Amino acid sequence: MNGGDYAVSGGVEDVYGEDAASMDQPITPWTVSVASGYSLMRDPRHNKGLAFTETERDAHYLRGLLPPVVLSQELQEKKLMHNLRQYQVPLQRYTALMDLQERNERLFYKLLIDNVEELLPVVYTPTVGEACQKYGSIFRRPQGLYISLKEKGKILEVLKNWPERSVQVIVVTDGERILGLGDLGCQGMGIPVGKLSLYTALGGVRPSACLPITIDVGTNNEKLLNDEFYIGLRQRRATGQEYAELLHEFMTAVKQNYGEKVLIQFEDFANHNAFELLARYSSSHLVFNDDIQGTASVVLAGLLASLRLLGGTLADHRFLFLGAGEAGTGIAELIALEISKQTGSPIEENRKKIWLVDSKGLIVDSRKESLQHFKKPWAHEHEPVKTLLDAVKAIKPTILIGTSGVGKQFTKEVVEAMASLNEKPLIMALSNPTSQAECTAEEAYTWTEGRAIFASGSPFDTFEYDGKVFVPGQANNAYIFPGFGLGVIISGAIRVHDDMLLAASEALAAQVTEEHYEKGMIYPPFSDIRKISANIAAKVAAKAYELGLASHLPQPKDLVKYAESCMYSPRYRTYR
Ligand SMILES: O=C([O-])CC(=O)C(=O)O
Ligand SMILES: [Mg+2]
């Protein structure tokens with residue numbers, strides 16, 4: 001049929017897409033109703049379990065559906081932490097926490113916020129890595145949105161199936177490079193889910209504004225293809241035009257459905273796609289690649305902070321990277337950019353202070369022809385060097401950074417070479433999860449006789465050496481993306497600019513105090529993360545306003561206060 005007398009057109013605030021749909025297009029019949037009784041208890045966003053008050057039990061038809069006792073949220077929290085600590089196997093803690101998130105969302109976030117140092121390694125690296133590997137086996141209820149090749153041509157409709165209308169942040173993966181674990185296909189979903197729970201817990205973005213998405217174009221992981229419990233498409237990865245078309249449809253549909261101001265965070269894509277997607281969409285969409293830009297920003301923050309311990313300026317140091325993928329080249333570029341800002345020297349000059357080693361050895365000019373494009377800027381003049389150890393000896397770096405995704409590459413010889421060259425060698429073993437770390441905290445401290453300044457991507461326990469307690473830093477992008485995203489949201493930024501990343505790094509470095517330096521720390525503790533995130537958000541927002549990229553006008557006077565006032569609180573609300 002045609003529209004006839006009832007011609008349809010897009011109306012203002014047509015959030016349900018009903019006006020815009022032509023008469024022969026099906027629409028989703030959303031309704032909004034007040035939950036009560038049994039359905040209220042089954043709704044994780046509103047459920048309070050035994051903490052429903054007497055008044056609420058009367059008003060909301062809950063009498064008899066709960067045992068008589070009324071608990072406080074604090075007591076519920078105490079009980080759950082006690083239960084969690086009974087589990088010795090990390091994956092059991094993970095599933096218990098996911099069950100809580102599905103049952104009682106505010107209690108889940110209260111636990112996560114109040115016990116962040118204890119629970120971060122469970123909902124995030126390293127345990128989330130194991131969870132993704134076994135996602136099919138531990139699968140209970142779906143979380144997030146799955147967009148596979150089967151949904152080609154229908155992605156906008158799929159987005160409309162998501163129950164929340166006001167989405168502010170999407171974290172999306174295609175599962176091809178999950179942490180340092182490689183291709184986990186559709187089971188990569190654990191990553192967007194975990195990252196977004198940190199957006200809420202660490203950055204205060206409302207849970208309803210967070211949308212985890214996994215794009216399934218197949219997997220080349222034979223083990224998963226043969227796993228009877230695998231949850232994804234049982235085919236090899238689509239590439240080339242087929243891949244690009246699906247992603248383009250996705251990017252277009254997101255903008256169509258949620259508008260200009262939804263932040264799309266790319267996560268754990270393989271190198272080739274990660275750089276391409278960021279370059280392709282950064283001028284038309286609000287996009288951020290956490291593995292390139294988030295990691296770069298957090299590492300730069302650690303470097304800026306470490307100058308207090310190492311001395312000199314950033315420009316005085318020599319940097320050597322093992323790994324020339326998203327993290328390595330992303331960090332290298334941001335360091336060069338920061339030096340340019342500080343000294344006014346051209347970025348090309350600053351890149352020469354930074355050397356990268358990949359699986360074929362030091363990246364040098366004679367290799368330029370055969371290098372992938374994102375490695376080319378780092379091909380400096382030097383004779384070929386095959387191994388990392390020889391590269392350390394030849395380049396004499398003051399700072400060694402591992403972003404290879406391959407564990408155990410910082411051998412005793414490599415670390416000892418760093419120690420013989422430097423009074424205080426700065427060593428960052430950034431690959432995740434813990435099994436992929438280039439070296440452990442213990443190794444870094446013992447092999448340098450306690451002289452190293454050490455940070456890693458996944459957490460390591462404090463370590464005692466020669467009577468002194470060392471607190472290893474966790475140089476993880478979780479310090480940056482939640483506050484960065486909050487800053488983007490509160491300013492209504494419509495694009496991400498590199499200067500906003502630099503602002504985030506500087507804000508994080510500024511949170512490191514004398515007391516932290518005394519313990520050898522170059523990052524503040526995660527226990528202060530909400531305050532840290534508010535400060536990062538304020539600086540990122542300020543930069544967005546300065547660059548004319550902010551759309552939330554007028555600019556709030558005190559951005560730190562404003563950021564804090566926007567942050568989600570996990571405390572139960574009273575229901576009338
Ligand atoms: O998830 C993390 O811990 C850091 C990260 O983005 C990665 O390793 O890909
Ligand atoms: Mg990642």
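This is a predicted model: local features need pLDDT of at least 70, side-chain atom pairs count only at pLDDT 80 or more; totals for chains, interfaces and linings use all residues.

**Glu249 and its surroundings**

Glu249 counts as partly exposed because it has 17 C-beta neighbours inside 10 Å. The terms here are set by the number of other C-beta atoms within 10 Å of a residue's own, these atoms being placed from the backbone: 20 or more is buried, 12 or fewer is exposed, and anything in between is partly exposed. Residues are numbered from 1 along each chain as its sequence is written, and chains are lettered from A and ligands numbered from 1 in the order in which they are written.

Glu249 belongs to helix H12, residues 240-258. Helices (H or I, at least four residues) and strands (E, at least two) are DSSP runs, numbered from the N terminus. Leaving aside residues up to four places away in sequence, Glu249 touches Lys152 and Ile155; contact here requires C-beta atoms, placed from the backbone, within 7 Å. Val158 is 91 residues from Glu249 in sequence and 12 Å from Glu249 in space, C-alpha to C-alpha.

For contrast, consider Arg45, in the loop between helix H1 (37-41) and helix H2 (54-59). Is Arg45 buried or exposed? Arg45 counts as exposed, because 12 C-beta neighbours lie inside 10 Å. Between Arg45 and Tyr517 there are 472 residues of sequence separation and 41 Å of space, C-alpha to C-alpha.

UniProt, in an unreviewed entry, places "domain: Malic enzyme N-terminal" at residues 101-282. UniProt positions are given in the numbering used here, feature names are shortened, and annotations may be inferred rather than shown by experiment. Over residues 101-282 the chain is 47% helix and 11% strand, with the end C-alpha atoms 33 Å apart.

Next, the parallel sheet: five strands form an open sheet in the order S1-S3-S2-S4-S5. Two strands are taken to pair if DSSP finds at least two bridges between them. Strand S1 (145-148) and strand S5 (287-289) are at the edges with a single partner strand each, so one side of each has no neighbour in the sheet. Neighbouring strands of this sheet are turned by 25° against each other on average, direction ignored. Axes are lines fitted to C-alpha atoms, for helices over the stretch in contact, and angles run from 0 to 180 degrees between N-to-C directions.

Within this sheet, strand S2 (residues 169-173) and strand S4 (residues 263-266) run parallel, joined by four bridges, and Ile170 stands opposite Ile264 in S4. Helix H13 (residues 271-281) lies across S4 and S5, at about 155° to S5.

Helix H5 (residues 105-114) is mostly covered, with eight of its 10 residues buried. What covers these buried residues? The cover includes helix H3 (73-86), helix H4 (90-103), helix H6 (116-123) and helix H10 (190-201).

An open sheet of seven strands has mixed pairing and the order S8-S7-S6-S9-S10-S11-S14. Strand S8 (361-362) and strand S14 (473-474) stand at the edges, each with a single partner strand, so one side of each lacks a neighbour in the sheet.

Strand S6 (residues 319-322) runs parallel to strand S7 (residues 354-358), with four bridges between them; Leu320 stands opposite Trp355 in S7. S6 also pairs with S9 in the parallel sense over four bridges, and here Phe321 stands opposite Ile401 in S9. Helix H15 (residues 326-343) lies across S6, S7 and strand S9 (399-402), running at about 175° to S7.

Both faces of S9 are covered, with Ile399 and Ile401 buried on one side and Leu400 and Gly402 buried on the other. S9 pairs with strand S10 (residues 426-429) in the parallel sense over four bridges, and Ile401 stands opposite Met428 in S10.

To close, the largest nonpolar core has 160 residues, and those with the most contacts inside it are Ile335, Ile427, Ala504, Leu508 and Val540. Such a core is a set of buried Ala, Val, Leu, Ile, Met, Phe, Trp, Tyr and Cys residues joined through C-beta atoms within 7 Å.

Conventions: Two residues are in contact if their C-beta atoms, placed from the backbone, lie within 7 Å.
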